[in-house]
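The sequence and model are shown first.

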Amino acid sequence: MSLCVESVSLKEMQVPLLDLAAQTAPIRDEVLDAIARVVDSQKFILGDEVRRVEERLAEYCGVRFAIGCASGSDALLLALKAVGIGPGDAVLTVPFTFFATAGAVTLSGARPVFVDVEPETFNMDVSQVAAALDRDPKIKAILPVHLYGGCADMDALNEIARARGVVVIEDAAQAIGSEYKRRRAGGLGAIACFSFYPTKNLGAFGDGGMCTTNDEALAERLRALRVHGRTGTYFHEWVGVASRLDAIQAAVLGVKLKYLDGWSERRACNAALYRKLFEARNVPVIAPRPGAHQTRHIFHQFVIRCQDRDGLQKHLKSQGIGSEVYYPISLHEQPCFADLGYSRGDFPVSEELARTVLALPVNAELTDQQIEYVADAIQAFYAQS
Ligand SMILES: Cc1ncc(COP(=O)(O)O)c(C=O)c1O
């Protein structure tokens, strides 16, 4: 009898990749109250609501200044403009990332230059950076990505950059709360860029983003650039953009920030349980193993590397399990970057990852039973193939 109940419940089990409704349910009233506060104030753009959350986020990231803007993509563009990147410059980044990283470089007028990533951490391979800078004197900035919530090797990058007078900007869109040698993402370069896209660990109810910095002059420039470069009433020192964080998003973020650490701890526990189950059962996939410098990983994504990735994804879907490929095409192979002159084979690790990575559900609302169900399904797939 109990076996029967068990098999019925497992058959009906669904494990979505992300469950934002489940995340919101327990805080729904609190969030609605915060939104009502903004509605009552009728102050929707920047203002006190945004300033308050900026102060709290700066403290959370361990930096002096946080500057809210309209999206993570805009945060990257603002950061590049703030450090003076523009036409004629080049920016060193990675081809294995979300499109916006290199897209922002192109939008700034500069040219993206790629170096490959490391297979274990998915992050910029620092051993390739010095040679890349030596090859291309136009490179004025390095833009590493803290992919999936794990930090790039920032001390090593900063050292190389300092020696050559090049600036480092963190793409920390996926890494809020992540710690590198006990220091938080956000204060590890000249400027860091965050995204509050709803699926991020700290997600708004729409688009939102933020730059952080410890440099007062850069903070001032970022504040001006997000409002058309305005430094006084109808006085424009630079040409900036319209990229403001709106007060409703700030209010939502202010509520969610209180829960962020709890959610990120749950994600890390879920990741540890996957690892334990894979090891105990000899499941033939490679689980992520953060580098030694990673003193806190926030597992924005839990990404395995595996054989027959597309077959596994199809099998998981048939079992009611969500998964996703971040990212199936390395940026040097995107049609819009054809004029950069790269070809297949130029970044073998990125290309291999594009073929083999698969993100599994890792959100804070998962039960241990659901994680075991996912591990069982993966084990069953490789046992039958
Ligand atoms: C690595 C990375 N950079 C930049 C961005 C852009 O952020 P947004 O979607 O808020 O514009 C994202 C968002 O997914 C990202 O993952």
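Is L46 buried or exposed? The model is predicted, and in it L46 has a relative accessible area of 18%. The cut-off for buried is under 20%, so L46 counts as buried.

## Overall fold

The protein contains 13 helices and 14 strands. Its radius of gyration is 21 Å, close to the 21 Å that the globule rule gives for 385 residues, so the protein is as compact as a globular protein of that length. The C-alpha trace spans about 75 × 55 × 35 Å along the principal axes. Of the contacts with a separation of 6 or more, 71% are between residues 24 or more positions apart.

## Surface and charge

Of the 385 residues, 54% are buried. The accessible surface comes to about 16900 Å², and carbon and sulfur atoms account for 53% of this area.

In soluble globular proteins, nonpolar side chains tend to be buried together. The largest nonpolar core here has 89 residues, and the members that touch the most others are I142, F278, F302, L360 and I378. Helix α10 (residues 247-280) gives the most to this core, with nine residues.

Beyond its neighbours within four places in sequence, L360 is in contact with L17, Y274, F278, F302, I304, L316, V374 and I378. A second, separate core has 25 residues, among them I67, A75, C211 and L218.

## The loop between α11 and α12

The loop between α11 (309-318) and α12 (348-356) holds S323. With a relative accessible area of 11%, S323 is buried. Apart from neighbours within four places in sequence, its contacts are L17, Q313, L316, L358 and A359. L17 and L316 are also among the contacts of L360.

Y327 lies in the loop between α11 and α12 as well. The peptide bond joining Y326 and Y327 is cis, with omega about 15°.

## Positive phi angles

Most residues other than glycine have a negative phi, and most peptide bonds are trans. L46, although not a glycine, has a positive phi of about 50°. This residue is located in the loop between α3 (28-41) and α4 (47-61).

K181 is another residue other than glycine with a positive phi, near 45°. K181 is placed in the loop between β6 (179-180) and β7 (183-184). At 38% relative accessibility, K181 is partly exposed, whereas L46 is buried.

Terms used: Residues are numbered from 1 along each chain as its sequence is written. This is a predicted model: local features need pLDDT of at least 70, side-chain atom pairs count only at pLDDT 80 or more; totals for chains, interfaces and linings use all residues. Side-chain values use heavy atoms; hydrogens and water are left out. Helices (H or I, at least four residues) and strands (E, at least two) are DSSP runs, numbered from the N terminus. The radius of gyration is taken over C-alpha atoms; the globule rule is 2.2 Å times the number of residues to the power 0.38. Buried means under 20% relative accessible area, exposed over 50%, partly exposed in between (1.4 Å probe, protein chains only). Contact means heavy atoms within 4.5 Å. Accessible areas come from the Shrake-Rupley method with a 1.4 Å probe; for residues, only the protein chains shown count as cover. A nonpolar core is a set of buried Ala, Val, Leu, Ile, Met, Phe, Trp, Tyr and Cys residues joined through side-chain atoms within 4.5 Å.
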